Amino acid sequence: MENSSKNKAVEYGDWWTAPAESESGNLIMVTGRRDVSKFKDNPKFKIRVEATWKYDGKTGGMPDMATSQLMDEADVALRECFRKDPIAVLTGVYTGDGERNWVFYTLSLNIFCRKFNEALLSMELLPITLSAEEDPEWLEYQEMKEATEIKGED
């Protein structure tokens, strides 16, 4: 993948990345988004969707280079899709312990699924599963933010 595509994804939003530990003791890299208030303050954005990609984590729980590059390509496509059509907001990305999880909050599960599939349409079929539940208070987001956010110097 070209660096310009990868850097393009980072432009969308104010993010932090920090290490965390899985329940099994493996490293998890957590990337969280700060600028979510316009979504969080909108009571329609109450559905949390997790997209999970399980991979062979023999390399210390992290994806191998080929898988990592494919994940980055999917990441760019998803961020671009929901930047153009903000029916969902990506709030966190967890990578490690044999899986990558993208966490979104959305206002419509049906529209989200359609847009998610459209975003990845040009790619090969990916081993991603989706799960969803209502989280109107954004409890998962708050927990992730409190546990991992790295704050810059004032």
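Mentor: Strand S4 is mostly covered, as 9 of its 9 residues are buried. Buried means under 20% relative accessible area, exposed over 50%, and partly exposed in between, with a 1.4 Å probe and protein chains only. Helices (H or I, at least four residues) and strands (E, at least two) are DSSP runs, numbered from the N terminus.

The model is predicted, so local features need pLDDT of at least 70 and side-chain atom pairs count only at pLDDT 80 or more, whereas totals for chains, interfaces and linings use all residues. Residues are numbered from 1 along each chain as its sequence is written, and side-chain values use heavy atoms, with hydrogens and water left out.

S4 belongs to an open sheet of 6 strands in the order S1-S2-S4-S5-S3-S6, with antiparallel pairing; two strands pair if DSSP finds at least two bridges between them. The edge strands, each pairing on one side only, are S1 (15–21) and S6 (128–134). From one strand to the next the twist averages 20°; axes are lines fitted to C-alpha atoms, for helices over the stretch in contact, and angles run from 0 to 180 degrees between N-to-C directions.

On one side, S4 pairs with S2 in the antiparallel sense over 5 bridges, and Gly-96 in S4 is the bridge partner of Ile-28. With S5 there are 8 bridges, again antiparallel, and Leu-90 stands opposite Phe-104 in S5. The hairpin of S4 and S5 has 2 residues between the strands, and Asp-97 takes a positive phi near 60° there.

Two helices lie across S4. Helix H3 (residues 65–84) also lies across S1, S3 (47–54) and S5 (99–106), running at about 5° to S5; contact means heavy atoms within 4.5 Å. Helix H4 (residues 109–119) lies across S3, S4, S5 and S6, at about 160° to S6.

The loop between H3 and S4 holds Asp-85, which is linked to Lys-115 in helix H4, 30 residues apart. Asp-85 is partly exposed at 27% relative accessible area, while Lys-115 counts as buried at 15%. Lys-115 also meets Glu-118 in a salt bridge (3.3 Å, N to O); both lie in H4, 3 residues apart, about one turn of the helix. Glu-118 is partly exposed, at 39%.

Technical notes:
Salt bridge = Lys/Arg side-chain N within 4 Å of Asp/Glu carboxyl O.
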